[in-house]
Amino acid sequence: MGMEFYGDSYKGNDEPIFVGIPTFLKLPWLRSNAELKKVKPDVAIIGEPFDFGTTIRPGARYGPRAIRAASTVPSPPYEHFNIETGVDPFGVFRTVDYGDVVVSPGDVVESHRRMTDKVKEVLDIDGIPVMLGGDHSITFANVRAFAKKYKNIGMIHIDTHADCAPQGLCGFKYDHGAHIRRIMELGCLKGKNYTLIGPRGYWPGPDLYKWMADQDFQWFTMLDVE
Ligand SMILES: [Mn+2]
C-alpha cells in the first residue's frame, strides 16, 4: 500500500531533514476538498493554528507549524517501521496532510465553525481526522463535527484539568476550560462514555467534580495512573 500510494518518496528519500516543504512527516499535501474526495485517504492530518480561546499562555497558534517542522526528524532514511508493534503505519494506512484550518484571528466562533467544517469533510469520506492544535477550546469544534455524523460518541480526555466549567474565568462561553460543557450540550456524549485521565492539582474544585459525578463521568487521577 505504501509504495503505490506515496510513490518514490515513501522510503529511501534522500532529502536531508531540513530540506523541502515540511508537511506532517513530509506526507502528501491535499489542498482542497475536491482533492480529498478524489484521493479518499484513510487518515488526514489537519492543523488548527488557534489560541484565541485561552485565558493564559497564548502561542498555540504556532503549534501546528512547530509540530510539522519537528515531525520530519526521522528522515533520512524515510522509514516509519515501529519497533514495538512491528508495523509501518504508512504501509497500512493512506495518510495525507490536509493543511490548516484558515482561522479568523480574534473571532473564536467563526474559527470554530471553520474547524468543524474541515473536520466534517474528512468524516464525509469516511477518513480519520487527526488534528494538531491549538488551544483546548478546539476540542469542542472538533467533536461537533463528529456529532454531525454520529448520534453517540465516546471520549477519552487526557488532561491536568477537567475543563468542564460552565464558562471561562471571565464568562466566555467557548473558553478552553469549558469545552466539555459545550460538548455535553450537543447531546452526542452520554456521561458514562466519557473518561478523564490524569487530573491533578487544584482546579476545578469540588463543585465541578460533583457535577461530573452527577453526569456519570469516570476519571483516573495521576495517583491512579502512577
Ligand atoms: Mn484542557
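**Fold and manganese site of a predicted model**

Val225 sits in helix H9, residues 222-225. Helices are DSSP runs of H or I with at least four residues, strands are runs of E with at least two, and both are numbered from the N terminus. The model is predicted: local features need pLDDT of at least 70, side-chain atom pairs count only at pLDDT 80 or more, and totals for chains, interfaces and linings use all residues. Residues are numbered from 1 along each chain as its sequence is written, and side-chain values use heavy atoms, with hydrogens and water left out.

Val225 is partly exposed, at 46% relative accessibility. Here buried means under 20% relative accessible area, exposed means over 50%, and partly exposed lies in between (1.4 Å probe, protein chains only). Beyond its neighbours within four places in sequence, Val225 is in contact with Ile197, Gly198 and Phe220. Contact means heavy atoms within 4.5 Å. Pro199 is 26 residues from Val225 along the chain, and their C-alpha atoms are separated by 9.7 Å.

The protein contains nine helices and six strands. Along the principal axes, the C-alpha atoms fill a box of roughly 55 × 40 × 35 Å. Buried residues account for 44% of the 226. Of the contacts between residues at least 6 apart in sequence, 71% join residues at least 24 apart.

A manganese ion is held by three protein donors: His136 (ND1), Asp159 (OD) and Asp163 (OD), at 2.0 to 2.1 Å. Donors are N, O and S atoms within 2.8 Å of the metal (3.2 Å for Na, K and Ca); water is not among the atoms, so sites may look incomplete. The donor residues follow the spacing H-x22-D-x3-D. His136 lies in the loop between strand E3 (128-132) and helix H6 (138-149), and Asp163 in the loop between strand E4 (153-158) and helix H7 (179-186), so the pair ties together parts 27 residues apart in sequence. His136 is partly exposed, with a relative accessible area of 27%. Asp163 is buried, at 5%.

Helix H6 has several buried residues: Ile138, Thr139, Phe140, Ala141, Asn142, Val143 and Ala145. Their cover includes helix H5 (108-124), E3, E4 and H7. The loop between E3 and H6 also holds Gly134. The peptide bond from Gly133 to Gly134 is cis, with omega near 0 degrees. A cis bond also runs from Trp203 to Pro204, with omega near -5 degrees. Pro204 lies in the loop between strand E5 (189-197) and helix H8 (206-214).

Most residues other than glycine have a negative phi, and most peptide bonds are trans. Leu25 has a positive phi, near 50 degrees. This residue lies in the loop between helix H1 (2-6) and H2. Leu25 is buried, with a relative accessible area of 15%. Asp126 also has a positive phi, near 60 degrees. The loop between H5 and E3 contains Asp126. Asp126 is exposed, at 61% relative accessibility.

Ala34 belongs to helix H2, residues 33-39. At 58% relative accessibility, Ala34 is exposed. Ala34 and Asn152 are 118 residues apart in sequence, and their C-alpha atoms are 28 Å apart in space.
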